Amino acid sequence: MIRRASLVIVGALMGATAMSVLYSAGVPAQAAGTSTYKELSIFGDVFERIRAQYVTPPDEEKLVENAINGMLTSLDPHSVYMNAKDAADMQTQTRGEFGGIGIEVTMEDDMVKVITPIDDTPGAKAGILAGDFIAEINGESVRGLKLEEAVDKMRGEVNTPIKLTILRKGADKPIELSIVREIIPIRAVKSRVEGDVGYLRVISFTEKTYDDLEAAIEKIKTDVPADKLKGYVLDLRLNPGGLLDQAIYVSDAFLERGEVVSTRSRDPEDTRRFNASAGDLTDGKPLVVLVNGGSASASEIVAGALQDLKRATVVGTRSFGKGSVQTIIPMGEKGALRLTTALYYTPSGKSIQGTGIEPDIKVEQPLPEELQGKVRAEGESALKGHIKGQNENDEGSGSVAYVPPEAKDDLQLNYALDLLRGVKTDPSFPADPQKAVVAK
């Protein structure tokens, strides 16, 4: 495989959660016309009036930031201005590591509950156990905090201390711990062996994704002899996107040749094409890709490439349908502008903007009784102000994004396993690269 320098990031906006985007060092701006500057003069006058006469003194910094975001919101749901904190958070996500103590947590009974400590991290070494409740962080109660606020308090600069008050079932008094933060890697890929099948779940596309995937495939090869290994399941469900170059590398990991994706901006001369290089890490073993309404952008690039090039059979439900690319443009005071600058196209020349990836085999995942009526299908086409895709129709994009916590209840996964084991058959499986669908 040919490794390229990291240039772009792609991702989705689902609900209120902003995901990753495209990254660039900077783009030169063009001068606006005279009439535009007159309108900007009016904006300045309005700002001064608000600043001088509004009933209560406004936060001027917030006022300007909201005005900028109002302008960007009028373009599409994925263009946004990020202040210094938001820009730093985005960089943390794309790096795939942060300064912290290494525990996975949730919120329960107004306290932070530890799901599990991560092996060989400060939290695990300090003795934090699954099921522990964190009542205080640096002497401050967590009651009343949102989960993300509590997590922010536990993260921080490497080599800085944090004090936690732990409540543990069976302990007669609270446990006080002082822990020094370290660099905590975020796992981009989780894997396991399902008997005679290798299971690969790509959680997000960070700087570590390809390396994690390569290591996971090598471990599966070690655990299961080649003559016993039926194939692989690549699970992209609930994957909101991430770095474009990592989406290309992940696609390339299973391909010997062919165009992975192309990006096209408003200037035809800026069209870019990214091709796979020789070297299939799985040695051509059969491959099934799982998608649902939570599979967006970078994950759709991978699913679209493997589907069009007939390297994999796609199973599940229609994906989110975000086919746009954003550029990160550094701004003053360490902020950044995330601006939609291009659309991407699958090898067949198809834009999935507002339509999503249609699986080769549709397999619905029923919702448990307690979630029925509470979870609805989400997709790019339902987002207010989204860029209308060239292939978009009334059917739109997206589907319900739900994956059962237990593998035995996962109909989509079990369908994929049955395909690989020959229990189920379908004309689309196994995929045949000789029948690849590419743009002419």
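Helices (H or I, at least four residues) and strands (E, at least two) are here DSSP runs, numbered from the N terminus. With that in hand, let's work through some exercises on this predicted model.

**Exercise 1. Describe the overall make-up of the chain, and decide whether its radius of gyration agrees or disagrees with that of a compact globule.**

*Solution.* 
- Start with the secondary structure: the chain has nine helices and 23 strands.
- Next, take the extent along the principal axes: the C-alpha atoms fill a box of roughly 75 × 70 × 45 Å.
- Now compare: a compact globule of 440 residues would have a radius of gyration near 22 Å, and the chain has 24 Å, so the two agree.
- Finally, look at the contacts between residues at least 6 apart in sequence: 71% of them join residues at least 24 apart.

**Exercise 2. Find out how much of helix α8 is buried, and what follows the helix.**

*Solution.* 
- Locate the helix: α8 spans residues 298-308.
- Apply the cut-off, since buried means under 20% relative accessible area.
- Count: 11 of the 11 residues in α8 are buried, including the charged-type residues E300 and D308.
- For the chain, by comparison, 45% of the 440 residues count as buried.
- Step past the end of the helix: K310 follows α8 and has a positive phi, near 55 degrees.

**Exercise 3. Work out which elements build the largest nonpolar core.**

*Solution.* 
- Size the core: it has 45 residues, and L200, L234, F254, V289 and L306 have the most contacts inside it.
- Assign elements: those that each supply at least two residues include β14 (197-202), α6 (209-223), β15 (231-235) and α8.
- Zoom in on one member: L234 touches, among others, L200, F254, V289, V302 and L306.
- Look elsewhere: another core, of 19 residues, lies apart from this one, and I103, V105, I137 and I166 are among its members.

**Exercise 4. Say where D109 and E333 lie, and whether each is buried or exposed.**

*Solution.* 
- Check its backbone: phi of D109 is positive, near 55 degrees, in a residue other than glycine.
- Test its cover: D109 counts as exposed because its relative accessibility is 57%, and the threshold is over 50%.
- Turn to E333, in the loop between β21 (324-330) and β22: its phi is also positive, near 55 degrees.
- Finish with its cover: a relative accessible area of 76% makes E333 exposed.

Definitions and conventions: Residues are numbered from 1 along each chain as its sequence is written. This is a predicted model: local features need pLDDT of at least 70, side-chain atom pairs count only at pLDDT 80 or more; totals for chains, interfaces and linings use all residues. Side-chain values use heavy atoms; hydrogens and water are left out. The radius of gyration is taken over C-alpha atoms; the globule rule is 2.2 Å times the number of residues to the power 0.38. Buried means under 20% relative accessible area, exposed over 50%, partly exposed in between (1.4 Å probe, protein chains only). Contact means heavy atoms within 4.5 Å. A nonpolar core is a set of buried Ala, Val, Leu, Ile, Met, Phe, Trp, Tyr and Cys residues joined through side-chain atoms within 4.5 Å. Lists of a residue's contacts leave out its neighbours within four places in sequence.
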